[in-house]
Amino acid sequence: MNNFTASKNFETRDGYAHTMGATCEASGVNFALFSAHATRVELCLFDEIGRVEVARIEMPVCTDQVWHVFVEGVGSGTLYGYRVYGAYDPNRGHRFNPAKLLLDPYARYIDGEFRWSSGVYGYDTESPAQDLEIDTRDNVAEVPKCVVVSDADMTLDDLPEPNTNRPEIPPNKTVIYETHVKGFTQLNLDVPAGDRGSFAGFCHPDVLKYIRDLGVTTIELLPIHGFIDESFIQNHGLSNYWGYNTLHFFSPHTGYTVSGHPREFKRMVSAIHEAGLEVVLDVVYNHTAEGNHLGPTLSFRGIDNVSYYCLQNQDQRLYVNDTGCGNTLNVRHPRVLQMVMDSLRYWADNMGVDGFRFDLATVLGRESYGFDPGGGFFDAVRQDPVLAKVKLIAEPWDIGPGGYQLGNYPSGWSEWNDRYRDTCRRFWKGDPGVLPEFARRIHGSSDLFEHSGRAPSSSINFMTSHDGFTLHDLVTYNDKHNEANKEHNRDGHHANFSANYGVEGETDDINVNATRQRQQRNIFATLIFSQGTPMLLAGDELSRTQGGNNNAYCQDNEINWLEWRDKEKNGDLHSFVRNVLALRKRLPLLTSTHYIHRPDEPESEIKSVVRWVSAAGEDMRETHWTEQNVHTLGWVLEQYPVICPIPEEGQSVKRLTGLKSRILLLFNAGKTDVEFCLPVGTPDLDGVEALYWHEELDTFEPDGIPKINRQAKGATVHLRAQSMQVLVAKFDN
């Protein structure tokens, strides 16, 4: 390393520190890198293919802990990296090693593939002292290179800028579709072979038409930030399919591109917007791919380990591991917080994405004394004019102390609601004693979110996600089957609240399959009609299976890839999902902007009411709620005008027509049919009552279309075992 001889010379000047990363200007490029504890920093430039290091330029000035230099005569496409000098003293938290080429945390384009070898570690892997002895071998052949990107490089010629054609879906109208860039298109024969599994394939017109026609509004993509496979996964012949192992926060994962250029991602976002859909990114700012104290030195660790990571107070050689992934990003440090905020603004403003789902978000809100919804990260987001316009979704837990924070995030945030998931699964599984909890969850979980002034849309309701069983597997397996992960089936959730209905796995039994298909319809309908924001797992509408694997994070193969031939086989379920999403859109009471059980303001002209009724058609009493083995429930949502019967002098009675609305949802998770007496509605002050009930949905039917459409008020309906119905009252105006 020390014998390096430059083959090219460049003119330089001091440059500036106020803009991090590589910034293109007319005469050259400014490079700026934060490191509070480095003693020296070198900028390394490479030839056009990244194999030959042609120059090392010492960054001469450090301003406010930012090292910077302006290099004349270079521009877009320049390949570079950094070598950072300082103490190698793991016991004090310092892991500087100039033998290791480091990636710029602000790099917007990464060229080349990362290769695992002993040379990527900053310590001597053969030493009995483990990470205490430095390794001086150069790693330049094993690591990719950063590429300078200019604003002109990111211009789209054939589409609008993605921050100008946003659909801007209101929160209460949002329906999220969680999916994976590669897995969604890899087996889609409508996509050209060379584009499958890429951003280009995902924005193919047929792909976007399928998603739009389904009735969802917002695509949530699993991580697309640049990531690498963990070494232990690769050693087993597997790969990190999900992508929760981020190495760089400003560049798209090159494995999802055709050309390698980040412009492909931007083009995809614009095309999705043109289709009337939104894009939300699943982002991982809680840890990095550098792992624990025995992990590789690739970027942050070698730039300034003490600043970028949370280290244990009693032993700074070791990392705080609130994430379960070996390290925890130190977002409490102002420069690290700046990097996260700059990254979020880049994706929201420059790339045009419509929101973010934050993996293990509790990490971001944890101060030295614990989780704080008024902490520095939340304050920074709240005041940011760019981020104020986007959707913010938290996964409200991590494995650290006080890590479970469901319902405790500040206003403006939505949260993944796992209590909704588990309660609704248990209800349809037939577990006893869950009726009161089930009612709270389907009605928007006001006990969790309303106290902070948030709306029902703050609850991201989901039955399935990438992490866990698919919907098909939820009704097909009692137990997880993760043998393909090569961890002896020890990984993955143990409490799945699933059921196989008599046979573990696939079967030809007609009765078992009929029950499983009906339960899928029940779960879908419950999810879509619940108050809150529904999130669907891509492929559930096609009854996609992972063969019972409930932790398929490392399966980049047919276990995860969407099998599009299932669309023909499971067309009824696909049509059912489209129909229930269309019905949700047609019934405004299902997408209320507020908790409708709250008392309305005195001046309100519209009254909204919620009622819970028993199978006898009576309002639920305390004794009904406490019965352990009751599996039936009626949920009534009503809206009607409030009219003053005594007008002021000279005024006529104000009549609001066309505003009466009443919806009845009937649930029967039991194993026997029930005769359900339809309740008499609440008349408005004109004494107007519904003429009759119109049955809109019956999950007992394979297509969901009821056999009988019209039901008289006060009549009794036959509610089949393990099924639900939706009825809408019809009025004369």
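# Exercises on helix contacts and local geometry

**Exercise 1.** Identify the residues of α13 that Y420, C424 and W428 in α9 meet, and classify the contact.

*Solution.* Step 1: Y420, C424 and W428 in α9 meet Q519, N522, I523, T526 and L527 in α13, where contact means heavy atoms within 4.5 Å. Helices (H or I, at least four residues) and strands (E, at least two) are DSSP runs, numbered from the N terminus. The model is predicted: local features need pLDDT of at least 70 and side-chain atom pairs count only at pLDDT 80 or more, whereas totals for chains, interfaces and linings use all residues. Residues are numbered from 1 along each chain as its sequence is written, and side-chain values use heavy atoms, with hydrogens and water left out.

Step 2: The contact of α9 with α13 has 5 nonpolar, 3 polar and no charged residues. Here Ala, Val, Leu, Ile, Met, Phe, Trp, Tyr, Cys and Pro count as nonpolar, Asp, Glu, Lys and Arg as charged, and the others, Gly among them, as polar.

**Exercise 2.** Describe how helix α9 and helix α13 pack.

*Solution.* Step 1: α9 spans residues 418–429 and α13 spans residues 510–529; they pack at an angle of about 140°, with their axes 11 Å apart. The axes are lines fitted to C-alpha atoms, for helices over the stretch in contact, and angles run from 0 to 180 degrees between N-to-C directions.

Step 2: α9 and α13 are therefore oblique to each other (under 35 degrees is roughly parallel, over 145 roughly antiparallel, 65 to 115 roughly perpendicular, the rest oblique).

**Exercise 3.** Describe the packing of helix α3 against helix α15 and list the residues in contact.

*Solution.* Step 1: Between α3 (residues 205–214) and α15 (residues 571–586) the angle is about 55°, and the axes lie 8 Å apart. This makes α3 oblique to α15.

Step 2: From α3, the contact involves Y210, D213 and L214; from α15, it involves H574, V577, R578 and L581. By class, the residues of this contact of α3 with α15 divide into 4 nonpolar, 1 polar and 2 charged.

**Exercise 4.** Determine which residues of α8 are buried, where they lie around the axis, and what they pack against.

*Solution.* Step 1: In α8 (residues 376–383), the residues F377, F378, A380 and V381 are buried (under 20% relative accessible area; exposed is over 50%, partly exposed in between; 1.4 Å probe, protein chains only).

Step 2: These residues cover an arc of only 160° around the axis, so they are on the same side of α8.

Step 3: The buried residues of α8 pack against helix α7 (334–350) and the strands β20 (355–358), β22 (370–371) and β23 (391–394).

**Exercise 5.** Examine α10 and the residues G444 and S445.

*Solution.* Step 1: α10 is mostly covered, with 6 of its 8 residues buried. The buried residues are L435, E437, F438, A439, R441 and I442.

Step 2: G444, which follows α10, has a positive phi near 100°. S445 lies in the loop between α10 (435–442) and α11 (446–449). Phi of S445 is also positive, near 55°, in a residue other than glycine.

Step 3: With a relative accessible area of 0%, S445 is buried.

**Exercise 6.** Decide whether D64 and K100 are buried or exposed, and locate each in its loop.

*Solution.* Step 1: D64 lies in the loop between β6 (61–63) and β7 (66–72). Although D64 is not a glycine, its phi is positive, about 50°. At 59% relative accessibility, D64 counts as exposed.

Step 2: K100 lies in the loop between β10 (94–95) and β11 (110–111), and is buried, with a relative accessible area of 0%.

Step 3: Not counting residues up to four places away in sequence, K100 touches Y82, R83, G119, Y121, G122, D135, R137, N139 and T297.

Note on methods: Arc of directions from axis to C-beta.
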